[in-house]
Amino acid sequence: MNKARHNPLNSGLAHLALLTYTAIALFPVAVILINSFKTRKAIFGAPLALPDAQSFSLIGYQTVMKQGDFFLYFQNSMIVTVVSLGLILLFGAMAAFALSEYRFRGNTLMGLYLALGIMIPIRIGTVAILQMMVATGLVNTLAALILVYTAQGLPLAVFILSEFMRQVSDDLKNAGRIDGMSEYAIFFRLVLPLVRPAMATVAVFNMIPIWNDLWFPLILAPSEATKTLTLGSQVFIGQFVTDWNAVLSALSLAILPVLVLYVIFSRQLIRGITSGAVK
Amino acid sequence: MTALSLERISKSFGPVEVLKDIDLEVSEGEFVVFVGPSGCGKSTLLRVIAGLEDATSGRVRIGGRDVTATPPAKRGIAMVFQSYALYPHLDVRGNMTLGLKQAGEAKATIDERVAVAARMLSLEGYLERRPAELSGGQRQRVAIGRAIVRKPELFLFDEPLSNLDAALRMATRVEIARLHRELGASMIYVTHDQTEAMTLADRIVVLRDGRVEQVGSPMDLYNDPDNQFVAGFLGAPSMNFLPSAALGLPGAVTGIRPEQMSISGDGPVAGTVTHVERLGGDTNLLVATGMPAPGDTLTVRLFGQHAHEVGETVRLGFARDGAYAFDSEGRRLR
């Protein structure tokens, strides 16, 4: 193992494979970024060329800033994503703790029931969800989106976190009990810090689909005041004419916050994914 | 006064009965060791005493107080775990003081107790370190320190030495014995290692399949076991068991400790040496006899160094008064 790792040919090939994959993954993002700074003509003339003095243009960004309340969409997306993530992590971790820590009747059944949500897509229930939101008067509120995304994220969160929480030493929790810590203190002060890598994994896995989702904002909260960034960007895509400058600029802007959140979580994420492998 | 009394403690997990009707009294200042093979229920019993598991039936009294329904923190106990179970995010001082802070002790009292415990365990230089920066032995001392500062009526040790290497284990064993003398506290210690049990205990409780097999001082159990299980469990290397009929002795099975056996030209048992262990101080021979199990391989412990070789044919003798007779159920015939 050690010998193989120091073999320059092997490590060169490994790096080549990884670099190729990185290039493939980054290509679409790069194309969007490059073209968002070009004139419309340059976008179609030479889509892969970098913007030069002649083709450079901020027209896309200017359109985005002028048309629609872009900052409000931004804020809506941020609120929905962050609050949903917070709720998923909080309730997911609590449910996972209960499932992994306590013996009670129906424990396994409850675990299975929660895991069902991983297999059945929530969009199947869209009509019923819409009816419920109408009945409760939550249509066109951010709360509607937050509730749906929390429900969507919980199954996987509970599944991953309960696996990790089973690995937290029983002795440690018992030591806390003998020292007089309440079950809540044990959960928040002993167990949560130890499963932080798993929490980051869950956060990243949930963050991207919520941020990018078009379906539920379109159905549950299409009003001007509650539009999310993804839905807001759709105004530039028309049936007959599409303002590509604006679309690309809007998408470029939409990438930024996800990137920032990812950087925050990534170190923990990598530890979470590899924790099983390097024990 | 009794430090701990257990009355008819039973515990089942679903249909599995782990503890069956256990009665036990521990007097104040006594060092009691629970010993038994893995799965015998000794750790479960300790957790029932600590309040980490509820007994299915029976009562637990600590210091005369019925604590059957009392949460662990209020039972007047402290526990040392096999995996140390130190709080990873707190330094040594934080680990030792958490329990006292939760109990609302005054800061001056806490500081004083930490200072005393740190001196006792030579941890003075390490109070600001985190568990990750300590060696295994130091971590175990912190875990013991965390127990000491609580000034419990009863100390509970759950296999505290299993994670340490052999040299450290010996040193920590001596340390625990010294602490017991200095503190004069009542202690219950769980182990599967009969050497730890023999060297530390005032009294040993031998458990098997959730039942108490025998209770007594180490030498009582060694010299006068009630049954074949206790006889075989205590003592290393463990006792040899031979079919009595082959020797013309009473009972179904005859037990002879390896040190009671000898190589003698006119001994009653013949066999071939299959393995020789030379330890310097003594020499252990494994001898295949051709008798039915468990008498097919016998261990002979000879003091000093001997020149026996593998493959050699020997005859084994033993002192008649060193032989224990057991009936077919494994009960001792006296």
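In the predicted model, B:Phe34 has B:Val205 of strand E9(B) as its bridge partner. The two strands involved are E3 (residues 31-35) and E9 (residues 203-208) of chain B, and they pair in the parallel sense over four bridges. E9(B) is also joined to E10(B), by five bridges, and here the strands run antiparallel. One of the pairs is formed by B:Arg208 and its bridge partner in E10(B), B:Arg211. E9(B) and E10(B) make a hairpin in which two residues lie between the strands. B:Asp209, in the turn of this hairpin, has a positive phi of about 50°. In general, the strands of a sheet pair through backbone hydrogen bonds, and the pairing is either parallel or antiparallel.

These strands belong to an open sheet of six strands in chain B, with the order E6-E7-E8-E3-E9-E10 and mixed pairing. E6 and E10 (211-216) of chain B stand at the edges; each has a single partner strand, so one side of each is left without a neighbour in the sheet. From one strand to the next, the twist averages 20°.

The domain assignment divides chain B into domain 1 (2-229) and domain 2 (237-333). The C-alpha centres of domain 1 and domain 2 of chain B are 37 Å apart. Contact between them involves five residues of domain 1 of chain B and eight residues of domain 2 of chain B. On the domain 1 side, the residues that touch domain 2 of chain B comprise two nonpolar, two polar and one charged.

Chain B also touches chain A, in a contact that takes 17 residues from chain B and twelve residues from chain A. On the side of chain B, strand E6 (77-80) and helix H2 (92-102) each supply at least two residues. The class composition of this side of chain B is twelve nonpolar, five polar and no charged residues. Strand E6 of chain B therefore has a place both at an edge of the sheet and in the contact with chain A.

Helix H9 (residues 170-178) of chain A has five listed buried residues: A:Lys173, A:Asn174, A:Ala175, A:Gly176 and A:Ile178. The cover over the buried residues of H9(A) includes elements of both chains, namely helix H10 (183-194) of chain A together with helix H1 (42-50) and E6 of chain B. Just after H9(A), A:Gly180 takes a positive phi of about 90°.

Chain A contains 14 helices and zero strands. Its C-alpha trace spans about 70 × 65 × 30 Å along the principal axes. Of the 279 residues of chain A, 32% count as buried. Among contacts in chain A between residues at least 6 apart in sequence, 76% join residues at least 24 apart.

The mean pLDDT of chain A is 87, and 94% of the residues of this chain reach 70 or more. Confidence in chain A is highest in helix H7 (residues 126-136), at a mean of 94, and lowest in helix H1 (residues 2-6), at 56. Where pLDDT is low, the predicted coordinates should not be read in detail.

Technical notes
Residues are numbered from 1 along each chain as its sequence is written. Chains are lettered from A and ligands numbered from 1 in the order in which they are written. This is a predicted model: local features need pLDDT of at least 70, side-chain atom pairs count only at pLDDT 80 or more; totals for chains, interfaces and linings use all residues. Domain bounds come from an automatic or database domain assignment. Two residues are in contact if their C-beta atoms, placed from the backbone, lie within 7 Å. Ala, Val, Leu, Ile, Met, Phe, Trp, Tyr, Cys and Pro count as nonpolar, Asp, Glu, Lys and Arg as charged, and the others, Gly among them, as polar. Two strands pair if DSSP finds at least two bridges between them. Axes are lines fitted to C-alpha atoms, for helices over the stretch in contact, and angles run from 0 to 180 degrees between N-to-C directions. A residue is buried if 20 or more other C-beta atoms lie within 10 Å of its own, exposed if 12 or fewer, and partly exposed in between; C-beta atoms are placed from the backbone. pLDDT is the predictor's confidence in each residue, from 0 to 100.
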